[in-house]
Amino acid sequence: MRLGLPIMLAGGAKRLVGPRAKLSVHSIGLEQGVKTYLKDMAVGPGLFAAMKSVQSSRHRQLEPDMMLKFGLTTGPGSADELTGPGICRSEPRPENCRELSGAKAQASMPVKS
């Protein structure tokens, strides 16, 4: 039984993967608990059905469009949007974003002599 990544991804508020991402899903155990969890995370029943349909010794690859269709991801786009400078463009803007405007950045730089 391997649940790791799909379950972790389902727990996110913003769930994004890159355009070339591939996710392997496997046959699952603890069916009712997993089914309830995915439903609570607003993941459609298609992911659970895909996981359940895979034979125990095999896996199935999901492409980004299928992850979005199942509701595993919350929109198109890359996780890069949530890291580095990209996070400062998100709404609501994070409190810890320290992006400076061009004028403020120049004013805070030490003067070279």
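**Terms and their grounds**

Analyst: Along its sequence the protein runs in the order α-β-α-α-β-α-α, with 5 helices and 2 strands. Helices (H or I, at least four residues) and strands (E, at least two) are DSSP runs, numbered from the N terminus. The model is predicted, and local features need pLDDT of at least 70, side-chain atom pairs count only at pLDDT 80 or more, while totals for chains, interfaces and linings use all residues. Residues are numbered from 1 along each chain as its sequence is written, and side-chain values use heavy atoms, with hydrogens and water left out.

User: What is the average pLDDT of the protein, and which helix has the lowest mean pLDDT?

Analyst: pLDDT is the predictor's confidence in each residue, from 0 to 100. The protein averages 75, and 70% of the residues score at least 70. Where pLDDT is low, the predicted coordinates should not be read in detail.

User: Why is leucine 23 called buried?

Analyst: Buried means under 20% relative accessible area, exposed over 50%, and partly exposed in between (1.4 Å probe, protein chains only). Leucine 23 has a relative accessible area of 3%, so it is buried. This residue lies in strand β1. Of the 113 residues in the protein, 29% are buried.

User: What does leucine 23 contact beyond its neighbours within four places in sequence?

Analyst: Contact means heavy atoms within 4.5 Å. With those neighbours left aside, leucine 23 is in contact with Leu5, Pro6, Arg60, Gln61, Leu62, Met67 and Leu72. Leucine 23 and histidine 59 are 36 residues apart in sequence, and their C-alpha atoms are 9.6 Å apart in space. For the protein, among contacts between residues at least 6 apart in sequence, 72% join residues at least 24 apart.

User: How do you know that the buried residues of α3 line one face of the helix?

Analyst: In helix α3 (residues 45-53), the residues Leu47, Phe48, Ala50 and Met51 are buried. Seen down the helix axis, these buried residues fall within an arc of 160 degrees, and therefore they line one face of α3. The arc is that of the directions from the helix axis to the C-beta atoms. Pro45 and Ser53, on the other side of α3, are exposed.

User: What makes alanine 50 count as buried?

Analyst: The relative accessibility of alanine 50 is 3%, so alanine 50 counts as buried. Its contacts, not counting residues up to four places away in sequence, are Val25, Arg60 and Phe70. The C-alpha atoms of alanine 50 and glutamine 61 are separated by 9.8 Å, and the two are 11 residues apart along the chain.

User: Which residues touch the most other members of the largest nonpolar core?

Analyst: A nonpolar core is a set of buried Ala, Val, Leu, Ile, Met, Phe, Trp, Tyr and Cys residues joined through side-chain atoms within 4.5 Å. The largest one has 17 residues, of which Leu38, Val43, Leu47, Leu62, Met67 and Leu72 touch the most other members. At least two residues of this core come from each of α1 (4-10), β1 (23-26), α2, α3 and α4. Helix α3 gives the largest share, 4 residues. In soluble globular proteins, nonpolar side chains tend to be buried together.

User: Why is alanine 42 called exposed, and what is its phi?

Analyst: Alanine 42 has 59% relative accessibility, so it counts as exposed. Its phi is near 65 degrees, a positive value in a residue other than glycine. Most residues other than glycine have a negative phi. Alanine 42 is placed in the loop between α2 (31-40) and α3.
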